[in-house]
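Please keep the sequence and the structure in view while reading.

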Amino acid sequence: MDFPQFLQQLINGLSLGAIYALIAIGYTMVYGIIGMINFAHGEIYMIGAYIGLITITAIGTMFGCPAWLLIVSALAMAILVTCCYGWAVERFAYRPLRGSPRLVPLISAIGMSIFLQNYIAVLQTTRDLSVPELITGHLFSFTMDGFNVSMSNSRALILIVTIALMATVTIYIRSTRMGRACRACSQDIRMAGLLGIDVNKVISFTFIVGAFLAAVGGVLIGLSINKINPFIGFVAGIKAFTAAVIGGIGSIPGAMLGGALLGLIETFASAFLPTEYKDIVAFSLLILILLIRPSGLLGRPEVEKV
Amino acid sequence: MITADETILTSARENRPTMLSVHNLQMRFGGLSAVDGINFHVKEKEIFAIIGPNGAGKTTVFNCISGFYKPSKGEIVYGGNDIAGQPSHKLARKGIVRTFQNVRLFRNMTVVENLLVAQHAQLNTNLLSGLFNTSRYRVSEQAALSRATFWLNKVRLRDVANREAGNLSYGQQRRLEIARCMITHPKLLLLDEPAAGLNPQETVALDVLIRDLRETCGVTILLIEHDMRLVMEISDCILVMEYGQPIAEGTPEEVKNNPRVIQAYLGAADE
Amino acid sequence: MKAFIFKAAAFFCGLLATTMTFAQTTQTIKMAVPTALTGPVAQYGDMHRAGVRLAVEQVNEAGGILGKKIELVELDDACEPKQSPAVANKVVNDGIKFVLGHLCSGAFKPAAQIYNENDVLMVTSTATTDELSTYGYKLFFRTIGKDGQQGPAAGEYIVKKAKPKKLAIIHDKQTYGQGVATQVRKTVESLGMKPTIFEAINRGDTDYSAMITKMKQEGIDFVYYGGYHPELIVLLKQAKDLALNATWMGPEGAAVPDVKGESAEGLLVTLPPDFSKEPTNAKITEAFKAKNQDPSGAFMMTSYAAVQVLTDAIKGANSEDPFKVADYLHHNKFKTVLGEIEFTPQGDWSTARFDIFVWHKDATKTLAP
Amino acid sequence: MRGETGMHVVVKDAVIAALVTALLTIPLIGLRLNVESTGLVLRTEMFWPLTAILVVFFGRLILPFIRRPTLPVKIPTEKIIPKIAEYRKVWLGALLVFAVTLPFTPPGGSMLTGLTMAMIYMLLALGLNIVVGYAGLLDLGHAAFYAIGAYTYALLNQYYGLSFWQALPLAGIAAGFFGIVLGFPVLRLRGDYLAIVTLGFGEIVRLLLNNWDSLTGGPDGITNISKPTLFGWEITRRARGEGETLWQFLGVDFVNTYQLIALYFIGLLLVVVAVIVIDRLSKMPVGRAWEALREDEIACRSLGLSPTMIKLTAFSLGSMFAGFAGAFYAAYLGSVTPDSFAFIESAIILSIVVLGGMGSQRGVLLAALTLTLLPEFARDFAEYRMLIFGLVMVLMMIWRPQGLWPASRRRVELPTS
């Protein structure tokens, strides 16, 4: 495997990693703040994809408008509606369980994940729906000693948007008042409440930001892969969750690093080994990292006080 | 009420056999050394107290002795060999048992079950004999239950035997924790601020209980406590610590009048 | 001990007889249609049901068979091997003797064992995996070619007509996909061409760029994909994105209206001959069009033929006993929309053949040169 | 803000609530995508979204006037430990008789497949109850041991022709062994990290079964697995080997439901044995050690209990029962495929344990029965089945987090020494 192929696989790995990172940040923020694995987050990403497709189909049929307008309106609608769903899931499935033992919200999350999958399956049929190819063409496509290295526009868009969104969220968390409140809650949510931080608002905000990113992910990934069905959220969810854990659950840059790492490992695994083993490699890596460094690469190691 | 062997108590402290001796114990967390250069010996059937302001490193010493921390440097000699760094469940089986600053009971299990679990090491835990309820198994269970009843009577918790440990009052929980330690036939009992949060009558009852444990069960007691009246009254020897360093050691009388101790506790009069 | 068991068993049996009442004589002939009403390949289920429904409607209009109307019982196994045994048990419990299905090879295998053990006659018009006819089931029939026929047709076309420099064969690791891909590999290797890559992908995956780059690196210029259309659509799109200029070929599982757009242009597909173009079937093609169903769909005509064959056999054998009907099926020729059908002892359609078609971006197809 | 009772605040609240409901309902419920022959098409059905918006709007308007102040803090209720039900033995006997005669009653007969699956999920949940309920170790990969048990029997039956009863103990031991293999590396992990590793382990086992074609037959799995025998008689229509079928022995002509009834009884037998064994285990020192570990691992260490041994016994015994369930599932279905052991199975088993009440055998049995039979009742609107299943899980966690039938502590009569 000489350099051009390596370069191409690197691009493939990073663009796949961007997809995982975009969803992983939802897991990391929720776990960081209230220490809960939000199993339904994959479904929020799927709902984003469906809203995008519905908007495109609705506007597309009404009057032939240019592709970029379709994409922008799909993104806007998806963000608006998915954030509502993110808020609603937290408000109705998780808030009543705030004080209960750790396992109870987990089961509620698994239940919500199954509910949302079938909610969409019943309403929008379980069929595979094909998303129209709105983003076509290549960002760059050059041949280097006989091998064509290229990156499609849709993949490039995902990479750029992911980096941009990650940067904004990190800056927002680091510099704004709400960001400080989030960090306070992740250190000690009970004390944050005592000091006058409206904990419910912070938690809702976390879910809404997670939903915002998942919606963007849903629309862009839908446009890039052109196929959605009610169950894409589940597989992507587990992979994104793996990325969040590898990077160090609870740390936002960790989600980015974990996503990129998982994308690269899966890509090079299927480049060298037969493709069907790439998932086994991904999960084995997850277990290995957790055994050596449970808090992940960038996570804060939890000191166990006697 | 002193029934213990008379000679042990009154003979000079030096020639009594040592139960535990600590040689320049040091414990560092990253850059910070919580405990540095600690040396002391605890004699058999003695009540040895460690006192000092908050953050002096008392509980860290406890954690090193009971195997929860691996000391950075230094030796802990017990029963003839160095036990520094051995896991706490092995040390417990060798007879070193401890209570905790904030009571650690099995909250959702009943009081009796707490006492039965503590005897796990002595029980017949063979799976098959338990499954087929063999006579050997029934005998060992009955013995465990009668020992538990003995200790329930001793710490006056008999009437709440079937209540969940989490629903007991604070004083009751403290007594249950001590009973749970004693039921494992320890040689060395580490009490981490047993009187914390107790009202005066409960502290007096605790005083009587600790003396009774030493006399009747012949157990050596290592104590961390802030209640000076209890410490001065009950302990045979006291070690005073500040910022992880030892600043005084001796009988309650010597320690009470030691200027450095007074200064550490009451702060120097500002010249 | 034996005596006690005997008494206990007898008691249970008495209890059994009193509670289990069965209505033996029913005025209709029930036929089960286990197919995919839900799940990713539900589109094949639609074609399967459309063919069966039209045929049964026309038979019932013409007075049904043996004086009884045919009643269809449609069941959903979503093409999952996990669900099909439960569906098969339900069919057997309801006392249904004839089954038109199952749809997918993977789901059919466990169910076929249950049908065979409980004397239920099976006629599938969609499952093409060879294994089904290797178990020696006497009540198994097929009105569609099997991979053993589809594979060689594709293999010969690749070696003789397409003559690629470097060939890659990939499949979706499911019974159907892996089966047909292995058949193509056997044929191609027997004709002296060794595929450079023979690999599987995970069903439900969404990113194949790594594998496509590997193919580019090996200089692959022809790819045969064994599997259903959902994964193929994504593969074609990503192959175009990464500029892998290779012709693609797929089995009849890939020939679905959903496969369209730029990347689908020039896709080669093996399909049963397009019987909707046959002049004799004009009346039936019109009937499909009247229900705005596309008559040239992969399983429309084969499912129609399955009902034809079954109803003719029941009339011929003049009984509803599966063994008599099976015996009739084994020893007679049947005139159907697929032309004349004759069954091998294992229940395969002996003279089934597959043609090669070129798929276009508007989901139409023309016979390949 | 809520304190003000000015009408404009209430109206503002109602408008916002209505707006959110609109955003929630109109796009997904109002606009329906569907695939027609002409490709993707959008149908609109605005009835439900509009009613939802109106209900929420007027609901919020009148809400402040009828809402009674709720207690800000939930006061923990004192769990009084009931006396041992005197007639516990009688009660259990009645339950067993009911379970034995159920398949013969018309309603029971119609749900036989559901009842037998309920037996399998009971076995799985009883096993997981040891790991999650007693020892408090969150295991999200229990389906892996279910798969190992199933494939052990399938392979032994296919390659060596072992009968069900011969292979059953081996399946249990194999699953128990892998329980220890998983147990060792995760000793140090706690809570969520343990859950994630077990999830990863479950996925790896499923993927290995799916990709290891030579041994496990890959995605097709293994078919033609022989059914168990009941007291030495075959229960299928025709005896496979030279044995005699129970039905020939009874001189009864074969009806498929007889075979399902026989399978149900074998399942019932396994569940009864499992309940008795696990009940004994929980009363023994090892059972107390599990609960102590769940309550406070540090206190356990300080009393001389070695957490390693406790965790390994919990994992191995828990997975052993999952192995038995797997072997019976393989025998019942007659074929095994990797994708019937996906993560969703582990999630369902965990939900049964939590919904039933962690650490409570009777609760777990009840939850297994309800969760497996719930879809049977919802047979007519089949596609809503899983929708209701997910919703039930969420609502149950809100209204009864302690579970359907939580365990009550055992009362011990003290000897009057």
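## Basis of the report

This is a predicted model, in which local features need pLDDT of at least 70 and side-chain atom pairs count only at pLDDT 80 or more, while totals for chains, interfaces and linings use all residues. Residues are numbered from 1 along each chain as its sequence is written, chains are lettered from A and ligands numbered from 1 in the order in which they are written, and side-chain values use heavy atoms, with hydrogens and water left out.

## Chains A and D

Contact means heavy atoms within 4.5 Å. Of the 5 pairs of chains in contact, chains A and D share the most contacts. Chain D brings 53 residues to this contact and chain A brings 65. The two chains bury about 5400 Å² between them, with 80% of that area on carbon and sulfur atoms; buried area is the accessible area (1.4 Å probe) that two parts lose on being put together, summed over both. D:Leu28, D:Leu33 and D:Tyr193 supply 14% of the area that chain D buries against chain A, more than any other three residues.

Between chain D and chain A there are 0 salt bridges, a salt bridge being a side-chain nitrogen of Lys or Arg within 4 Å of a carboxyl oxygen of Asp or Glu. The interface does hold 5 residue pairs in polar contact, both residues at pLDDT 80 or more. A polar contact is a pair of N or O atoms within 3.5 Å; within protein, one must be able to donate a hydrogen and the other to accept it, and residues adjacent in sequence count only if both atoms are side-chain atoms. Among the elements of chain D that each supply at least two residues to this side are helix H1 (7–30), strand E1 (31–36) and helix H8 (191–211). H8(D) gives the most, with 12 residues. Helices (H or I, at least four residues) and strands (E, at least two) are DSSP runs, numbered from the N terminus. The side of chain D that touches chain A divides into 41 nonpolar, 5 polar and 7 charged residues. Ala, Val, Leu, Ile, Met, Phe, Trp, Tyr, Cys and Pro count as nonpolar, Asp, Glu, Lys and Arg as charged, and the others, Gly among them, as polar.

## Chains B and D

Here 44 residues of chain B are in contact with 35 residues of chain D. About 3600 Å² is buried between chain B and chain D, 62% of it on carbon and sulfur atoms. The count of salt bridges between them is 2. In one salt bridge, the side chains of B:Arg104 and D:Asp296 meet at 2.9 Å, N to O.

There are also 6 residue pairs in polar contact between chain B and chain D. Helix H6 (135–154) of chain B is one of the elements giving two or more residues to this side, and H6(B) gives the most, with 7 residues. The side of chain B that touches chain D comprises 18 nonpolar, 16 polar and 10 charged residues.

## Other chain relations

Chain B and chain C are joined by no contact, and their closest C-alpha atoms lie 24 Å apart.

Over all chains, the whole structure has 39 salt bridges. In one of them, the closest N and O atoms of C:Asp207 and A:Arg155 are 2.8 Å apart. This pair joins two chains, because C:Asp207 lies in the loop between strand E7 (197–200) and helix H7 (209–218) of chain C, and A:Arg155 lies in helix H5 (residues 153–175) of chain A.

## A sheet in chain B

Two strands pair if DSSP finds at least two bridges between them. Chain B has an open sheet of 6 strands in the order E6-E7-E8-E3-E9-E10, with mixed pairing. Strand E6 (96–98) and strand E10 (245–250) of chain B are the edge strands, each pairing on one side only.

Strand E7 (residues 188–192) and strand E8 (residues 220–224) of chain B pair in the parallel sense over 5 bridges. B:Leu189 has B:Ile221 in E8(B) as its bridge partner.

## A sheet in chain C

An open sheet of 7 strands in chain C has the order E7-E6-E8-E9-E10-E13-E14, again with mixed pairing. E7 and strand E14 (365–367) of chain C stand at the edges with a single partner strand each, so one side of each is left without a neighbour in the sheet.

Strand E8 (residues 222–226) and strand E9 (residues 247–250) of chain C run parallel and are joined by 3 bridges. C:Phe222 stands opposite C:Thr247 in E9(C).
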